[in-house]
Amino acid sequence: MPQIVLRPEGIVANINEGWTSPEHVFHDDGVVAAFTESTEENGLTLTLGDTGLPLTYTINSVRIGLDGLTVISKTPAEGTLGVKMMKGSTSGVYYNEGTTFNNNAIGYLQTLRTEASSGTPWTVSSINGIRLILNVVEEESTLPINLDQVYLTVDYNLPSSPIKITSGVVKITSGKIII
């Protein structure tokens, strides 16, 4: 099944400027965004682009990806990052979960087959214009925290098209044909 990868296109908010160089999460280039501030409100809100897919296509799954998520520390340390997927410009939430990580960089992947908040199957229009909010859970995290890239992978089906035969012979050995 074909897939399309959506990457952040813009930063809506960097609350209290807690993230240094947050634009580095837009690409897989090995250059990281760092969270170094000990602030209560620290959300980084990112907008993702539209899929460019026709609205009639069906969506199999959406996968949230965070690569290179790590705590930078010489001693064992942990961090917790809240990942929230929001409905466009509204306050509606599709998905909200915290993930724990440590000194070893992880590639976090979460596959969602339906909108987690409602159980409704994904549609192209529900994915277009989606926002991601990343919040560091301060009381559970050692600083600084690095993050290399953020993305969504959308797995979709191509629509089926009817068979058109202009000449030749078709042999059917079983089934029912209604014309």
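## Close-up views of a predicted model

Tryptophan 122 is buried, at a relative accessible area of 4% (buried is under 20%, exposed over 50% and partly exposed in between, with a 1.4 Å probe and protein chains only). The model is predicted, so local features need pLDDT of at least 70 and side-chain atom pairs count only at pLDDT 80 or more, while totals for chains, interfaces and linings use all residues. Residues are numbered from 1 along each chain as its sequence is written, and side-chain values use heavy atoms, with hydrogens and water left out.

**View 1. Confidence along the chain.** The mean pLDDT of the chain is 83, and 94% of the residues score at least 70 (pLDDT is the predictor's confidence in each residue, from 0 to 100). Confidence is highest in strand β1 (residues 3–6), at a mean of 94, and lowest in strand β9 (residues 106–112), at 79. Strands are DSSP runs of E with at least two residues, helices are runs of H or I with at least four, and both are numbered from the N terminus.

**View 2. Tryptophan 122 and tyrosine 94 form an edge-to-face aromatic pair.** A search of the whole structure finds 3 aromatic pairs. In the pair of tyrosine 94 and tryptophan 122, the centres are 5.0 Å apart and the planes stand at 70°. Rings of Phe, Tyr and Trp (its six-membered ring) pair if their centres lie within 6.5 Å; planes under 30 degrees apart count as stacked, over 60 as edge-to-face and the rest as tilted. Tyrosine 94 belongs to strand β8 and tryptophan 122 to the loop between β9 and α1 (124–127), so the pair links distant parts of the chain, 28 residues apart. Tyrosine 94 is also buried, at 6% relative accessible area. Beyond four places in sequence, the residues that tryptophan 122 touches include Ile59, Val62, Met85, Leu112 and Ile130 (contact means heavy atoms within 4.5 Å).

**View 3. The largest nonpolar core has 39 residues.** Trp19, Ile59, Leu66, Leu81, Met85, Trp122 and Leu134 have the most contacts inside this core. Strand β6 (residues 58–71) gives the most to the core, with 6 residues. Such a core is a set of buried Ala, Val, Leu, Ile, Met, Phe, Trp, Tyr and Cys residues joined through side-chain atoms within 4.5 Å.

**View 4. An open antiparallel sheet of 5 strands.** The strand order is β2-β5-β10-β7-β8. Strands β2 (8–14) and β8 (93–102) are the edges, and each pairs on one side only. Two strands pair if DSSP finds at least two bridges between them. Strands β7 (residues 78–86) and β10 (residues 131–136) run antiparallel and are joined by 6 bridges. Within this pairing, glycine 82 has asparagine 135 of β10 as its bridge partner.

View 5. Threonine 45 sits in strand β5 (residues 44–48) and is buried, at 8% relative accessibility. Beyond four places in sequence, threonine 45 touches Gly10, Ile11, Val12, Ala13, Arg131, Leu132 and Ile133. Glycine 88 is in the loop between β7 and β8 and, with neighbours within four places left aside, contacts Gly129, Ile130 and Arg131. From C-alpha to C-alpha, glycine 88 and threonine 45 are 11 Å apart, and 43 residues separate them in sequence.

**View 6. Serine 21 has a positive phi.** Its phi is near 55°, a positive value in a residue other than glycine. Serine 21 lies in the loop between β3 (19–20) and β4 (33–35) and is partly exposed, at 28% relative accessible area.
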